[in-house]
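Here are my notes on the model, as numbered points. Please read them with the structure open.

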Amino acid sequence: MFKTIRSFSRYIPWVLCIFFAILSGLHLQMRHHGIDAYLWFGLFTFLSVVGFKDVTQKKHAILRNYPVSGHLRFLFETFRPEIRQYLLESDNEKLPFSRNQRALVYQRAKGASDKRPLGTIEDTYKSGTEWLAHTINPVGHIQPGDLRVTVGGASCLKPYSISIFNVSAMSFGSLSANAIMALNKGAKMGGFAHDTGEGSVSDYHRRYDGDLIWELGSGYFGCRTAEGHFDPKKFAKVASEPQIKMIEIKISQGAKPGHGGVLPAAKITPEIARTRGIPMGVDCNSPAGHSAFHSPLELMQFITQLRELSGGKPVGFKLCIGKISEWFAILKAMLETKVVPDFIVIDGSEGGTGAAPVEFVDHVGTPMRDGLRLVHMTLIGVGLREQVKLGVAGKIISAFDIARACAIGADWCNSARGFMFAVGCIQARSCHTDLCPTGVATQDTMRQQALDPEDKSHRVFHYHQNTLIALGELLVAAGFAHTDELTANAIIRRNERGIAVPLDKNLLQLESGELLTRDAHIHLNQHFDGLGDYWSSATHTHW
Ligand SMILES: Cc1cc2nc3c(=O)[nH]c(=O)nc-3n(C[C@H](O)[C@H](O)[C@H](O)COP(=O)(O)O)c2cc1C
């Protein structure tokens, strides 16, 4: 008996709705009733019908078992991220960025105080804790404008002086038009670079004339043939625009390396079709690999071709390190052809994306710091480090993040999500749904009106400026005049055994030219057994 009552209890909300619908219906038969009687009757009749639909549908078991009340579950599911973020999340819980990290960007972007009271909330004795070794004798003052580096090797006719901190690749399509305009105007105000992402150069990128790095993905958007291959003539036309300062071939992206993409026909607006140079009404594919080159040697030839077609602008590539032997094959192709890219951007698996399969986000690709160290040291090992500048991207938000990356080997840093926060992203994690609540990552014209490009461009500018001011202060505290003086022993790390050791003690170390000797594989095997075998087996003709 008790069991039957308990089992029936789940229908109580629906039964109550029917009961009140009848009651309010009867009330309507009486002479004296107000407008609210109609409202109650309407509401309970509506809920009774909803309950009937719930028990007769077959898609959602929960609604079949819990008519009417089951909808609360779906309602709470919708609000769950917000409830978590506003009420439950702790200050240093990373999802993927902690409240503290986001607050830092918001404060710097608004020009508000970024100071913290009463000391650190971090446990400084926890393994993995890192700190900058400061000096007893800090002198000097570093301005944001001092923190720049020149990109462009011997074969480059138009070197570019890039800021130490720039907007990472995010295409028009993944970001709204208003977000792109805010980023580009901020970049113009602060004199830093804005990477177009692989969606090509849109009118919104061009409106404020901020420095652009044009990224070419495997879809060659903006310079493709009808079949989707690279079109040299179209490339030369866009690349010659003075606003474009560097050309970046995107080999892979940390959040989804080795994964292509499809832009469904339904999402291709006339504007996107014009920007990318693709037809309307047909799915648009970005293949996982490039069709313009199929081997390390061909990559070097492609770099040479782009350099010529762009009139001598710096040309480089972006990749997330995967198979180490493939990176070694690229190095050997540089040695063989004497073609050296002007820059390489190392992206980390911790990096962001608009949308990617969960297995790729969590389990494919090398994290940024590991990839960076490998590339930095092996370039030293083959004697080419002086000719190539290294950029990095992967969860870089604060001045310490920049200092650490430069200490490991980077020449400059890019941030994608940091600048998204600066234009108002609240980490709602709905980029893939087109329902971004702040108008940053949506193509919905109504939603993006919420983002005022003019106002947010100032935030972009201030975030960049205040981060570099903080970086300047860090460098002075550690006795340096520029990030190029930082080396890995400037950072101390508490290891798994609780001992504090300079960062370089755990990282790959090579002397200049060490990989050009016969014993190259022995030097590499000292870092970990097998690394030298990758080197020995790599050839410049194959990946
Ligand atoms: C919304 C969004 C769109 C992105 N689009 C591109 C892209 O078109 N091309 C690319 O190379 N990387 C793209 N990325 C990756 C970033 O450029 C960057 O490499 C990565 O997110 C690491 O930076 P972060 O940790 O600062 O976000 C995108 C990232 C985000 C968050």
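1. A definition first: two strands count as paired if DSSP finds at least two bridges between them. With that in hand, take the open sheet of 3 strands, ordered β1-β14-β15 with antiparallel pairing. β1 (130–132) and β15 (500–502) are the edge strands. Each has a single partner strand, so one side of each is left without a neighbour in the sheet. From one strand to the next, the twist averages 30 degrees.

2. Now the β1 pairing in detail. Strand β14 (residues 491–494) is joined to β1 by 3 bridges, and the two run antiparallel. L132 stands opposite I491 in β14.

3. Some overall context. The model is predicted. The protein chain has 20 helices and 15 strands. Its C-alpha atoms fill a box of roughly 100 × 60 × 45 Å along the principal axes. Of its 543 residues, 45% count as buried. Among contacts with a separation of 6 or more, 68% come from residues 24 or more positions apart.

4. Next, a helix pair. How do α6 and α18 cross? The axes of α6 (residues 99–110) and α18 (residues 453–477) come within 6 Å and cross at roughly 105 degrees. Angles of 65 to 115 degrees count as roughly perpendicular, so α6 is roughly perpendicular to α18. On the α6 side, the contact is made by V105, R108, A109 and K110. On the α18 side, R459, H462, Y463, N466 and T467 take part. By class, this contact has 3 nonpolar, 3 polar and 3 charged residues.

5. On to the nonpolar cores. In soluble globular proteins, nonpolar side chains tend to be buried together. Here the largest nonpolar core holds 122 residues. Which of its residues touch the most other members? They are V392, I402 and V423. A second, separate core has 7 residues, including C17, F41, L47 and V68.

6. Leaving aside neighbours within four places in sequence, V392 is in contact with V345, I346, M368, L372, A405, A410, C413 and N414. One of these, A405, is buried in α15.

7. Helix α15 (residues 399–408) is mostly covered, with 9 of its 10 residues buried. I402 is among the buried ones, and I402 is also one of the core residues that touch the most other members. D401 and R404 are buried as well. Just after α15, G409 takes a positive phi of about 150 degrees.

Key: Residues numbered from 1 in each chain as written. Predicted model: local features only at pLDDT ≥ 70, side-chain atom pairs only at ≥ 80, totals over all residues. Axes fitted to C-alpha atoms, helices over the stretch in contact; angles between N-to-C directions. Helix = DSSP H or I, 4+ residues; strand = E, 2+ residues; numbered from the N terminus. Parallel < 35°, antiparallel > 145°, perpendicular 65-115°, else oblique. Contact = placed C-beta atoms within 7 Å. Nonpolar A, V, L, I, M, F, W, Y, C, P; charged D, E, K, R; others polar. Core = buried A, V, L, I, M, F, W, Y, C linked by C-beta atoms within 7 Å. Buried ≥ 20, exposed ≤ 12 C-beta atoms within 10 Å, placed from the backbone.
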